[in-house]
Amino acid sequence: MNDKVHLGHRARKRFGQNFLHDTSIIDKIVTAIDPKPGDNLVEIGPGLGAITEPVADLTDHLTVVELDKDLAHRLIHHPFLASKLTVHQGDAMQFDFASLITDERKLKVFGNLPYNVSTPLLFHLFEFYQNIEHMHFMLQKEVVKRMVASPGTKAFGRLSVMTQYYCHAMPVIDVPPECFKPAPKVDSAVIRLIPKTPDQLKAKSTKLLNTVCLEAFNQRRKTIRNSLSNLLTPEEIENLGLDLKLRAENLSLDTFVKIANWIYDNKQ
Ligand code: SAM
């Protein structure tokens with residue numbers, strides 16, 4: 001049996017296609033999303049509808065964004081789902097999620113994300129944090145670990161800082177490879193992300209916060225005296241109350257924000 005063909009569709013590696021088929025895991029994901037009639041639901045990468053179908057059973061309408069033309073076509077002509085779906089065929093990384101806001105109802109976004117583009121896709125979604133009530137995403141378990149990592153651990157990096165800057169993040173379900181067809185080579189996990197409110201986000205420029213993270217973690221083994229040398233002199237680092245011998249992984253989210261805001265106020 002060809003394990004790349006599922007429900008008559010040949011999985012396309014370039015689109016990160018690994019289709020869920022384990023009903024108990026699908027049930028757990030749907031329970032975590034907790035869809036209700038009237039919700040403004042959006043699925044990224046519905047594929048063959050493994051999560052779309054049970055979510056649609058519990059609600060009246062949902063929007064899906066699917067890059068693969070054949071899969072989008074199947075959904076548009078789906079015998080049971082079509083009447084409940086608005087299908088956008090295209091790249092979720094280019095999609096304007098704010099355009100889906102109606103009656104001020106925030107979005108509940110979910111998806112078993114294509115792993116090859118998951119990080120840029122998450123960064124794109126963070127830009128819409130004010131439009132989103134919550135997100136549930138299947139990702140590589142290693143990515144979920146990085147998103148929720150604390151300072152002082154190896155997994156702590158730019159993805160941890162930026163995720164935790166925008167959202168409260170918690171892992172909710174572990175998913176082994178055999179729940180997918182074809183089975184990926186890595187373990188997976190579902191993460192719940194609840195965007196913070198604008199008053200909780202203190203960076204004067206998120207672009208600058210991202211730049212500080214990029215510089216600091218680009219050479220994560222080096223002390224901040226060296227890794228931040230393109231942005232700050234040793235005196236400036238000390239004036240911020242920081243020990244020059246620290247490494248990026250020792251700094252908290254608040255410290256990254258403090259550094260970025262100081263640069264914004266004094267060097268921009
Ligand atoms: N939701 C289905 C499931 O759980 O079985 C499919 C999940 S599969 C891991 C990822 C899905 O995202 C595929 O349907 C793929 O075609 C779609 N996809 C890949 N890149 C995308 C992108 N940039 N924008 C929107 N959808 C994308």
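A polar contact is a pair of N or O atoms within 3.5 Å; within protein, one atom must be able to donate a hydrogen and the other to accept it, and residues adjacent in sequence count only if both atoms are side-chain atoms. The model is predicted: local features need pLDDT of at least 70, side-chain atom pairs count only at pLDDT 80 or more, and totals for chains, interfaces and linings use all residues. Residues are numbered from 1 along each chain as its sequence is written, and side-chain values use heavy atoms, with hydrogens and water left out.

The backbone of Pro 46 places an N or O atom 3.3 Å from a nitrogen atom of the ligand. For Leu 67, a backbone N or O atom also lies 3.3 Å from a ligand nitrogen. The side chain of Gln 17 has an N or O atom 2.8 Å from a ligand oxygen. Taken alone, the ligand exposes 600 Å² (Shrake-Rupley method, 1.4 Å probe). The protein buries 98% of that area. Strands β3 (19-20) and β5 (62-66) each give two or more residues to the ligand shell (strands are DSSP E runs of at least two residues, helices H or I runs of at least four, numbered from the N terminus).

Around the ligand stand 23 residues (a heavy atom within 4 Å). Leu 20, Gly 45, Glu 66, Asp 91 and Asn 112 come nearest.

Helix α6 (residues 158-166) is mostly covered, with eight of its nine residues buried (under 20% relative accessible area, 1.4 Å probe, protein chains only). Among them are Leu 159, Val 161, Met 162 and Tyr 165. Their cover includes α4 (118-126), β9 (167-175) and α10 (253-267), where contact means heavy atoms within 4.5 Å.

Note on methods:
Buried means under 20% relative accessible area, exposed over 50%, partly exposed in between (1.4 Å probe, protein chains only).
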